[in-house]
Amino acid sequence: MKKKRFRFQWGAFLLLVFYGGLFFLLFTRMVTLQATGEAEGQALAAKAAAKYNKESAITANRGKILDRNGQVIAEDTLSYRLIAVVSDKATTDEKNPHHVVDPEKTAEVLAEYIPMKKEDIYKRLTKLRSDGTLPYQVEFGVAGRGINHEVMSKIKDLKLPGILFVSDLKRYYPNGIFASHLIGFALKEDNEDGTVTTKGKMGLELTYDKELTGVNGKVKYQTDAFSYLLPNSEKMVTPAKDGDNIYLTIDKTIQSFVEDAMSQVEKEYNPESMIVVVAEPKTGKILAMSQRPTFNPDTRDSTNMKWLNAVTEETMEPGSTMKTFTLASAIDTDKWVPSDKYMSGQYTVHDRTIRDHNQVGWGKISYLEGFQRSSNTAMANLLKSIGDEVFVDYLDKFGFGKKTGIDLPNEATGTILSKYPIQRVTTTYGQGSTVTPVQLIQAMTAIANDGKMMQPYVIDKIVDSVTEKTIQQHEPVEKGQPISADTAKQVREILASTLTSEYGTAKDFVLDEYQVAGKTGTAQIPKANGTYSWGANEFLYSFLGMAPYDDPQLIMYVSVEKPKLKGELGSVPVSKIFKPVMLNSLKHLNISPDDVQHVDHVDLNDYTGQNAEAIQVELANDGLNPIIVGAGGKIIEQYPKGGQTLVKGNFVFLKTEGDIALPNFTDWSLRNLLVFKSMSGLQIEVVGEGFAVSQSVSAGTVISDNAPIVVKLKTPAESFVQDVEAPSEGEVEQVDDE
C-alpha cells in the first residue's frame with residue numbers, strides 16, 4: 001500500500017495563526033477589562049451608569065408661616081408652569097400639530113391669561129437660537145409660573161397647538177392683604193443649573209429664608225437603551241426635606257379686625273399713611289401689625305407704597321402720645337402735684353416760644369387738667385420740676401433712642417434730641433425727637449404691666465416640618481422696670497381720665513363695655529426744608545391706648561397721617577380703627593366685661609390723709625362724681641364716710657386745706673348743695689326747690705371773703721314750663737303799632 005505524503009498547507013496555517021491571534025487578543029482584552037474596569041482610560045461602570053442610570057428630582061415644599069393658633073398665613077400650593085413647544089420636529093401628523101403653528105394668534109390669546117404683553121409673548125415664541133434655528137420649547141419666566149388650576153383649565157380648553165402645562169409649586173398667601181409688610185413675599189428664581197428655587201424677597205420670607213427653604217430629594221433608577229425601567233433594577237430614593245414651619249405671635253382673627261377697620265378708614269378719609277399695632281402687654285407678643293398703603297403678596301400690586309415695615313424701620317415725631325412718659329417720669333420722681341396751678345397758653349425758652357394746641361391756653365389751670373387737655377406748656381413746666389437730665393434718663397429707661405431688639409430686621413433707633421434746652425422741652429410733648437411705633441408699644445408695656453417693660457416679638461416658635469420638634473422657642477423677655485408699680489397704676493388712672501373728664505381729649509375712644517386708658521396725639525409733620533406742615537389735614541393723628549385700664553390685656557397704637565377730614569376732629573378716623581378693633585379683640589380673647597370692675601355700685605374707702613387729686617381721678621374712673629372742697633392736696637375729711645356702697649354718679653366730697661374754688665352748681669340737688677355749704681363754710685343762700693339752674697358767682701371763682709352766694713333752684717316741672725313758653729331765637733313775633 002502506498003503511503004500518502006504529508007503536505008504543509010500554508011493557507012490553513014495562516015488562517016490558524018490569524019484567527020488564533022484574534023482570539024488571543026480578544027481573550028487578553030477581556031481579562032484586562034475585567035481586571036481594570038477601564039477602556040481607553042474611562043471607567044466602564046461610570047459610562048454604563050451615565051447611559052442607563054437615570055435621576056429625577058423630588059421638589060421640597062417651602063416651610064409654612066402660621067399664626068399662633070396654627071392658621072396658615074403663607075404656604076406652598078399646587079400650581080402650573082406654562083410651556084410652548086415651538087419646533088416643528090414635535091409634529092409627526094400635520095393634521096394634529098404638537099407645536100405652535102400660529103405664534104401671533106397664540107400670543108394674542110395667552111396675553112389675556114398671563115401677565116405678559118402680546119408683543120413680548122410673540123418675541124418669546126419666535127426667538128431663534130445662535131445657530132438660526134428654533135429651540136424645541138420655550139417658557140415665559142415669572143409670567144408663566146404659578147398659574148392656578150382655573151386659569152390653566154381655561155387655556156387648556158382653547159386647545160392651542162404646542163401649549164403644555166407642567167405641575168409646579170407656588171407660594172400662596174390665602175388671606176390677601178394681611179400683615180403684608182411683616183410677612184413679605186417669596187418668588188421663584190432660575191438657577192444656573194436650570195433648576196428653580198423659591199427665594200424670600202421681603203419681610204419674614206426674606207429674614208427667615210434659610211429656615212423656610214427645604215432640600216430637594218431625588219430618585220435614581222436604571223433603564224435600558226430605550227429609557228424603559230429595567231426589571232428587578234434597584235430604585236434609590238432620597239426623600240425631600242421640607243422647610244421649617246414658623247409660628248408667629250400674630251392672631252389671625254385680630255389681624256383681620258385690623259385690616260378691615262383700616263380698609264374702611266382708608267376708603268372714607270384717604271390718608272397718606274396709617275399704622276396699627278396690637279400687643280399683649282404681659283408678654284410683649286405682637287398680635288397684629290399692619291400699615292397703609294400696602295400690597296397683596298400674591299400680586300404685589302401697590303400704589304405710592306414704601307417697601308419697608310414702618311412699625312420697625314421708620315421713625316416719626318410721636319406728638320402728644322409722648323406725654324404719657326413725661327407724666328410717668330414726674331410721678332415716679334414725686335414731682336407730680338396734680339392740684340398745682342400753672343399758666344397755660346405759652347412757654348418761653350430763651351428766644352423760642354412754644355404754645356398749646358389752641359394757641360392761647362385756658363388761663364391758670366391745674367396740671368391734672370392740663371394733662372387732660374393735652375397741654376404742651378404743662379409738660380414744659382413739669383420738665384423744670386423733673387430736671388432735664390433725669391427726664392432724659394427716664395426716656396432711656398423706657399427704651400427710646402435705641403433698638404427694642406424685636407426679632408425683625410433693619411430696626412431703626414430714632415433720635416432723642418437733648419443737646420439744647422428747647423429740644424428737651426419739645427421732647428416732653430413729642431416734637432423734634434423721633435421714635436418708632438414699636439418703641440411706643442414697648443414703653444407702654446411698662447405702664448400696662450405695673451412697671452415691667454417687655455420686649456416686643458413676632459416669632460413664637462420654629463418647628464421642624466418632618467419631626468414636628470421645636471427648633472427655636474421664643475419666650476417673653478423683660479427689658480427692665482423703668483417705673484414703680486404704683487407709678488404705673490397712677491398713670492393708668494390719669495390716662496383713663498382723658499376719656500372721662502369734661503376736659504379730656506380722648507372722649508371719642510370710650511367703649512361701652514370696657515374702660516380704656518390712653519393718650520391722643522396730634523403731631524406736626526416736618527418738611528424737607530426743616531419747617532412743619534400746618535392745618536387740620538396736615539397732621540399725624542394717633543392714639544396709644546390699653547384696655548381694660550385696671551388690668552390691661554391689650555395695648556394698641558393707631559396713627560393716621562393727613563386724613564381728608566370732613567369737619568370733624570382728627571381723632572375721629574383714629575377712633576374708627578381703635579374702637580372696633582379693641583372691642584372685638586377683647587371679646588375674641590374671651591375677656592368678659594364681667595371680669596372687669598364694671599358694676600352699678602361702688603364700694604367707698606376711707607381716703608383721709610391721701611392726695612385729693614389722685615383720689616379724684618380714681619373715683620371718676622369708678623363712675624362717681626368727686627368734688628374737692630379746698631385747694632387740693634391732703635384730704636382731711638370726706639363725705640360720705642368710707643365703708644359705704646354708692647350708686648354710680650353719686651357725689652363724693654373731699655375736703656382739703658386752702659382757698660375754695662366755686663364749682664359749677666348746675667343740676668346739683670338741694671342735698672348736695674347743703675353738704676357743700678356745710679363742708680366749705682361758705683355763705684350759700686339757696687332759693688327755690690328742686691335742682692340748681694343758676695348761681696350768682698361764676699364757677700371757678702376762688703372765694704376769699706364772706707360775701708353771700710345765691711344759688712337758684714327749680715323743679716323739673718318749672719323748668720319744663722319755662723322751656724315751652726320761652727320763644728327761641730328767630731321765633732319772636734313782630735307786632736305792628738295801631
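**Figure 1. Surroundings of Arg-145 in the predicted model****.** In this predicted model, Arg-145 is in contact with Tyr-80, Arg-81, Asp-168, Lys-188, Asp-190 and Val-196, when its neighbours within four places in sequence are left aside. Arg-145 itself belongs to the loop that runs between strand E6 (137–139) and helix H5 (149–157).

**Figure 2. The largest nonpolar core of the chain and its most connected members****.** This core holds 88 residues, of which Phe-325, Trp-336, Phe-400 and Ile-447 touch the most other members. Helix H16 (residues 437–448) provides the largest share of the core, namely eight residues. Apart from this core lies another one, made up of 34 residues, including Leu-287, Val-516, Leu-554 and Ile-577.

**Figure 3. Contacts of Ile-447****.** Ile-447, one of the residues that touch the most other members of the largest nonpolar core, is shown here with its contacts beyond the neighbours within four places in sequence. These partners are Thr-324, Phe-325, Ala-328, Phe-398, Ile-483, Ala-488, Val-491, Arg-492, Leu-495 and Met-546. Among them, Phe-325 is likewise named with those that touch the most other core members.

**Figure 4. An open sheet of three strands****.** The strands follow the order E30-E33-E31, and their pairing is mixed. Strand E30 (684–687) and strand E31 (691–695) stand at the edges with a single partner strand each, so that one side of each is left without a neighbour in the sheet. From one strand to the next, the twist averages 35 degrees.

**Figure 5. The pairing of E30 with E33****.** Strands of a sheet pair through backbone hydrogen bonds, in either a parallel or an antiparallel sense. Here, E30 and strand E33 (residues 709–714) pair in the parallel sense, over four bridges. Within this pairing, Val-686 has Val-711 in E33 as its bridge partner.

Figure 6. Of the contacts in the chain with a separation of 6 or more, 68% are accounted for by residues 24 or more positions apart. The chain exposes about 38,600 Å², and carbon and sulfur atoms supply 50% of this area.

Terms used: Residues are numbered from 1 along each chain as its sequence is written. This is a predicted model: local features need pLDDT of at least 70, side-chain atom pairs count only at pLDDT 80 or more; totals for chains, interfaces and linings use all residues. Side-chain values use heavy atoms; hydrogens and water are left out. Helices (H or I, at least four residues) and strands (E, at least two) are DSSP runs, numbered from the N terminus. Contact means heavy atoms within 4.5 Å. Two strands pair if DSSP finds at least two bridges between them. Axes are lines fitted to C-alpha atoms, for helices over the stretch in contact, and angles run from 0 to 180 degrees between N-to-C directions. A nonpolar core is a set of buried Ala, Val, Leu, Ile, Met, Phe, Trp, Tyr and Cys residues joined through side-chain atoms within 4.5 Å. Buried means under 20% relative accessible area, exposed over 50%, partly exposed in between (1.4 Å probe, protein chains only). Accessible areas come from the Shrake-Rupley method with a 1.4 Å probe; for residues, only the protein chains shown count as cover.
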